[in-house]
Amino acid sequence: MDNLESAIRKLVMANRILGHEGVVDAFGHISVRHPDRPDRYLLSCSRSPELVKTADIMEFDLDSNPVDAKGRAPYLERFIHGTVYQARPDVMSVMHNHSYEIIPFGVSKMPLRPIFHSAGRLGGTIPVWDIRKKFGDTNLLVVNNELGLDLVACLANNTVALMRGHGCVVTGPTVETTVLTSIYLRINARLQIDAMHMGEVTYLSPGEIELSSQRNKPKVGDERAWEYLCSRAKVDINAL
Ligand SMILES: [Zn+2]
């Protein structure tokens, strides 16, 4: 199996896992930078992640133009992916989702902060991008490069950014890491809301976040977690 075929199969697996774990529903998407061409990325055509197959994976340039669409319709919000890859050479995988648990943190003054060790990977700063600040009233979707670049400016050098009233963007050095970060982002949001109901919350310290995040490196244990997630999703790798 060559690099491209292997990357496509892993990306399909990532789609199935994110669907199975409830990080995405009908909407949301994950991409990977092309393994042989850093000026391109791979992303499914417009399909719910739980249903994505290898034949759905399309190739895009970093302006998010399809290289060969073959009649397939791309996601409207693919510009999130292309603009992150343009701005962040360290990022090899990008995920966008609408997890309901994170929405309260994008529309209130309460910052989302890591509260348990597995969420140290989120990083100490999770900025909130408000599309309305620069673009006024919109349908809130990132449907061109101008919107994507503004989102990416807010993301800056962080791992995750929330999108006010919409969802989030998650980045990582591998597909596996990005999937795990997306899963723990959602869990952290739920636990933080639970903990806030109980009174004052003790968050991870900056030092604890640094020690548990190993920023921009695949975390020790990601391989074990990936094997577990593949098993849970019960995907027949030969039927992708
Ligand atoms: Zn969206």
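Is T181 buried or exposed? T181 is buried, at a relative accessible area of 2%; buried here stands for under 20% relative accessible area, exposed for over 50%, and partly exposed for what falls in between (1.4 Å probe, protein chains only). Point 5 returns to this residue, after some background.

1. **What you are looking at.** This is a predicted model, in which local features need pLDDT of at least 70 and side-chain atom pairs count only at pLDDT 80 or more, while totals for chains, interfaces and linings use all residues. Residues are numbered from 1 along each chain as its sequence is written, and side-chain values use heavy atoms, with hydrogens and water left out.

2. **Overall build.** Along the principal axes, the C-alpha atoms fill a box of roughly 55 × 45 × 30 Å.

3. Of the 240 residues, 52% are buried. If you take the contacts between residues at least 6 apart in sequence, 68% of them join residues at least 24 apart; a contact means heavy atoms within 4.5 Å. The protein exposes about 11,300 Å², and carbon and sulfur atoms supply 54% of that area. Accessible areas come from the Shrake-Rupley method with a 1.4 Å probe, and for residues only the protein chains shown count as cover. As for charge, there are 27 positive and 28 negative side chains, and the centres of the two sets lie 2 Å apart. Lys and Arg count as positive, Asp and Glu as negative, with His and the chain ends not counted; each charge is placed at NZ of Lys, CZ of Arg, CG of Asp or CD of Glu.

4. Helix α5 covers residues 145-155, and its buried residues are L147, G148, D150, L151, V152 and L155. An α-helix has 3.6 residues a turn, so residues three or four places apart point the same way. The buried residues of α5 pack against α2 (79-87), β5 (128-129), α4 (131-135), β6 (160-163) and β7 (167-172). At the start of the helix, a side-chain oxygen of N144 comes to within 3.1 Å of the backbone nitrogen of E146. A polar atom of the N144 side chain also lies 2.8 Å from the backbone nitrogen of L147. N144 belongs to the loop between α4 and α5 and is partly exposed, at 30% relative accessibility. Its C-alpha atom is 10.0 Å from that of G82, a residue 62 places away along the chain. Just after α5 comes A156, with a positive phi of about 50 degrees.

5. **Back to T181.** This residue is part of helix α6 (residues 175-197). The side chains of T181 and R121 are joined by a polar contact of 3.1 Å; a polar contact is a pair of N or O atoms within 3.5 Å, where within protein one must be able to donate a hydrogen and the other to accept it, and residues adjacent in sequence count only if both atoms are side-chain atoms. Neighbours within four places in sequence aside, T181 is in contact with R121, L122, T159, V160 and V170.

6. **Two backbone angles to look at.** Most residues other than glycine have a negative phi, and most peptide bonds are trans. K70, which is not a glycine, has a positive phi near 50 degrees. K70 sits in the loop between β3 (57-61) and α2 and is exposed, at 64% relative accessibility. A156 is in the loop between α5 and β6 and counts as partly exposed, at 39% relative accessibility.

7. S44 lies in strand β2 (residues 40-44) and is buried, at a relative accessible area of 1%. Beyond its neighbours within four places in sequence, S44 is in contact with V52, D56, I57, M58 and Y75. A26 is in the loop between α1 (3-20) and β1 (29-33) and is partly exposed, at 40% relative accessibility. With neighbours within four places set aside, A26 is in contact with S48 and P49.

Methods. Helices (H or I, at least four residues) and strands (E, at least two) are DSSP runs, numbered from the N terminus.
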